[in-house]
Amino acid sequence: KLESVPTGQVIAELLETQQPLARSSSRELRIDVPELENVWADRDRFHQVLENLIGNAIKFTPPGGRITVGAAPRDRQVLFWVADTGPGIPAEELPHLFDRFWQAKEGGRGGVGLGLFIVKGLVEAHGGRIWVESAPGSGSTFYFTIPTTTSAPVPQDG
């Protein structure tokens, strides 16, 4: 159900729910989001994307680490990112991160390997794209875009 979704409000609500988990596991959760235009999205699915990426960052960032959720306007879209100070991802694993049932060889964090596959499908269903930048020892940053309401298709009558 696509609608005009207040970007900053959804991020603030999500961080409020994720903050206790981050604190209880000794991780710092920061927000870097200016005033932004609304996005054209299904609010629940948009929330699901961010929740998955933040949850993964908390899971893979060691105690004492930091997770930053950010957003910025980009050419009729909003660019979102979730950056962490975790161990990073080896270059040979990066092309497989969004594959169905794929899991990193190291880490042993559980799961069935569907989270990032589903996130990619949701982002693409919104007309956006998703990618990651990472290197061992430097943390990871997951980026995705969602169109703004001004770039939403105009409904056709009849």
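Predicted model: local features only at pLDDT ≥ 70, side-chain atom pairs only at ≥ 80, totals over all residues.
Residues are numbered from 1 along each chain as its sequence is written, and side-chain values use heavy atoms, with hydrogens and water left out.

Secondary structure follows DSSP runs numbered from the N terminus, with at least four residues for helices (H or I) and at least two for strands (E). Helix H2, residues 43–60, comprises 18 residues and reaches 26 Å from its first C-alpha to its last, close to the expected 26 Å; the expected span is 1.5 Å times one less than the number of residues. At the N-terminal end, H2 is capped by aspartate 42, a side-chain oxygen of which lies 3.0 Å from the backbone nitrogen of aspartate 44. Buried positions of H2 are Phe46, Val49, Leu50, Leu53, Ile54, Asn56, Ala57 and Ile58; buried denotes under 20% relative accessible area, exposed over 50%, and partly exposed the range in between (1.4 Å probe, protein chains only).

H2 packs against two other helices. The axes of H1 (residues 7–24) and H2 come within 10 Å and cross at roughly 35°; axes are lines fitted to C-alpha atoms, for helices over the stretch in contact, and angles run from 0 to 180 degrees between N-to-C directions. This crossing of H1 and H2 is right-handed, the near helix being turned clockwise from the far one by less than a right angle, and anticlockwise for a left-handed crossing. In the contacts between these helices (heavy atoms within 4.5 Å), residues of H1 including Val10, Leu14 and Leu21 meet a set in H2 that includes Phe46, Leu50 and Ile54. The axes of H2 and H3 likewise come within 10 Å but cross at roughly 145°, and this crossing is left-handed. Here Arg45, Gln48, Val49, Asn52, Leu53 and Asn56 of H2 meet residues of H3, among them Leu116, Ile118, Val119 and Leu122.

An open sheet of 5 strands has the order E2-E4-E5-E7-E6 with mixed pairing, where pairing requires at least two DSSP bridges between two strands. Its edges are E2 (28–32) and E6 (130–134), each of which pairs on one side only. Neighbouring strands are turned by 15° against each other on average, direction ignored. E4 (residues 66–74) and E5 (residues 77–84) pair in the antiparallel sense over 8 bridges, with aspartate 84 of E5 as the bridge partner of isoleucine 67. The covered face of E6 holds Ile130, Val132 and Ser134, while Trp131 and Glu133 form the uncovered face. Within the E6 and E7 hairpin, which has 5 residues between the strands, glycine 137 adopts a positive phi near 85°.

Two individual positions were examined further. Arginine 66, in strand E4, is partly exposed, with a relative accessible area of 31%. Beyond residues up to four places away in sequence, arginine 66 touches Glu28, Arg30, Thr61, Ala83, Asp84 and Thr85. Proline 90 is placed in the loop between E5 and helix H3 (115–125) and is partly exposed at 25% relative accessible area. The C-alpha atoms of proline 90 and proline 136 are separated by 5.5 Å, although these residues are 46 residues apart along the chain.

Methods:
Polar contact = N/O pair within 3.5 Å; in protein donor to acceptor, adjacent residues only side chain to side chain.
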